[in-house]
Amino acid sequence: MLRRVNFYSICFAFGLSVLLILAGSRYADNTYYRPSMESGRNVRTFLKVEDGEENYMPQLLSADPYENGPEESSHKVFEVARNNIKGRTSKYNFSYSGVHGLEDLVMELGGKPLRSIIVSTWRSGTTFLGEVLNTIPGTFYHYEPLLNYGIVQIRGPPESNDALSTIKNMLKCDFYGMDTYFTYGKTHLHQFSHNKRLWDHCKYNRELCFDAEFTSQFCKLFPFQTMKVVRLRLRLLQEILDDKELNVKVLLLIRDPRGVMQSRQHRDFCQPSADCWHPELLCADMINDYVAASRIQTQYPDKLMVLRYEELALDPNVTTHRILKFLRLSPTASIDEFLQAHTNNEVAGVSSTYRVSRDVPFRWKQVLDFAYVDEIQNACKEAMELWGYRMAHNATHMASKEFYPIENYTVTQ
């Protein structure tokens, strides 16, 4: 009996040793990144040939990109990015942007990038619109630069002073002194990951995303800059529009408050915040944005475009091309492909941008109780009249096919 026990013990010890040796051989050289099954899909996406782009990624992964220290790795990243941008924009029609070529829009080469800001509020379609513009080759996407402020609306000083300074500096590719921004991002990586061209490098070495010098230099390589902001009201951007050096164009995105509130019911972050959960505050901001839009369009008719989310969802192709014309951006095959994929397929998840878009704008008619809709309408009557949203009279009227919630509107002084 004892011999049998000793025999099994020896077999177990031998088997365990073999497993440890195999595991060690697999991971001994894994100090640096090796693609997993999931990251392999990301790499394949990154390698996709688009608009004549060179298949450049293997030169970054063929050897350890950090073997000669961070300075050397940054140099390699910049060189790869330059080649990538040049390849991806090789078929871009720069005449739409009013310039002769790429170098006229690249800060590193002394050019001035085309800059745009999407302004709205939570659950109004900004994620979708931001991703549409982010699809354009050569775009550096400033995703929610004010995330660290929390679920609040910034309507004036003192918060607006720092917020505007942050926005201006980022649009100038000046990330120095933005310690709060980087500290917040270390525990909220989605602040960076939506900027896919930055994240394609940071996901191998996250410290790059927290480095002001690297981010500033990397940003200066791109001809187009897009930013989306949902925590700052339109009138405060007057200061940004007045800055001739920035030459920013602004897209104000408005959504039916009934649709906004219905969508916010599915987000846990919203309910504790009065700015997110109270319809009267939402609609006061909608009125404020209407007044600001009227003034700004008179002063800068070529710098502000107002747009309802419903127009984008119901006719995404035509509306997107209107937006591109306003922003002086060329239509690209990548945008058409994105719209085809993202507006005709439903993928679960409250943050998913894959929707059958025509079904989304009026979903509130089927899912909200009329008592709650009536509460929203009573708080939002003026805002709805200004922005062209019709009132539902009762539950039967609300659910009927004859009730079409939107009508024409104009932004006037």
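Leucine 232 touches Val119, Leu146, Gln153, Ile154, Ala163, Leu164, Ile167 and Leu237, leaving aside residues up to four places away in sequence; a contact here means heavy atoms within 4.5 Å. Leu232 is also among the residues with the most contacts inside the largest nonpolar core. Keep in mind that this is a predicted model, where local features need pLDDT of at least 70, side-chain atom pairs count only at pLDDT 80 or more, and totals for chains, interfaces and linings use all residues. Numbering runs from 1 along each chain as its sequence is written, and side-chain values use heavy atoms, with hydrogens and water left out.

**Overall picture**

- The chain has 20 helices and five strands, taken as DSSP runs (helices H or I, at least four residues; strands E, at least two) and numbered from the N terminus.
- Buried residues make up 51% of the 413 residues, where buried means under 20% relative accessible area, exposed over 50%, and partly exposed in between (1.4 Å probe, protein chains only).
- Of the contacts with a separation of 6 or more, 72% are between residues 24 or more positions apart.
- The accessible surface comes to about 20,300 Å², with 52% of it belonging to carbon and sulfur atoms; the areas come from the Shrake-Rupley method with a 1.4 Å probe, and for residues only the protein chains shown count as cover.

**Core and covered helix**

- In soluble globular proteins, nonpolar side chains tend to be buried together.
- The largest nonpolar core here has 105 residues, and Ile117, Phe218, Leu232 and Trp387 have the most contacts inside it; such a core is a set of buried Ala, Val, Leu, Ile, Met, Phe, Trp, Tyr and Cys residues joined through side-chain atoms within 4.5 Å.
- Helix α19 (residues 370-387) supplies the largest share of this core, eight residues.
- Helix α5 (residues 126-134) is mostly covered, with seven of its nine residues buried; among them are Phe128, Leu129, Val132 and Leu133.

**Aromatic pairs**

- The count comes to 18 aromatic pairs, using rings of Phe, Tyr and Trp (its six-membered ring) with centres within 6.5 Å; planes under 30 degrees apart are stacked, over 60 edge-to-face, and the rest tilted.
- Tyrosine 181 and phenylalanine 192 have ring centres 5.9 Å apart and planes at 85°, so this pair is edge-to-face.
- Tyr181 lies in helix α7 (residues 179-187) and Phe192 in helix α8 (residues 190-193), so the pair ties together parts eleven residues apart in sequence; both residues are buried.
- Tryptophan 364 and phenylalanine 403 make another edge-to-face pair, at 6.4 Å centre to centre and 80° between the planes.
- That pair links distant parts of the chain, with Trp364 in helix α18 (residues 364-367) and Phe403 in the segment after α20 (395-399), 39 residues apart; both are buried.
- Phe78, Phe140, Phe214, Phe218 and Phe222 are linked into a cluster by ring pairs.

**Charges over rings**

- Lysine 249 puts its charged end over the ring of phenylalanine 326, 4.8 Å from the centre; the rule asks for NZ of Lys or CZ of Arg within 6 Å of the ring centre and within 35 degrees of the ring normal.
- Lysine 303 lies over the face of tyrosine 300, at 4.8 Å from the ring centre.

**Salt bridges**

- The structure holds 15 salt bridges, each a side-chain nitrogen of Lys or Arg within 4 Å of a carboxyl oxygen of Asp or Glu.
- Arginine 155 pairs with aspartate 275, with the closest N and O atoms 3.0 Å apart.
- Arg155 is in the loop between β2 (139-143) and α6 (159-171) and Asp275 in helix α13 (residues 274-277), 120 residues apart.
- Arg155 is partly exposed at 28% relative accessibility, whereas Asp275 is buried at 14%.
- Arginine 258 forms a salt bridge with aspartate 256, at 2.8 Å between the closest N and O atoms; Arg258 is buried at 0% relative accessible area, and Asp256 is buried at 1%.
- Glu79, Arg82 and Glu108 are linked in a salt-bridge network.

- Most residues other than glycine have a negative phi, and most peptide bonds are trans.
- Proline 157 and proline 158 are joined by a cis peptide bond, with omega about 0°; Pro158 is in the loop between β2 and α6.
- Cysteine 173, in the loop between α6 and α7, has a positive phi near 60° and is buried at 2% relative accessibility.
- Arginine 328 has a positive phi of about 65°; Arg328 lies in the loop between α16 (316-327) and α17 (333-342) and is partly exposed at 30%.
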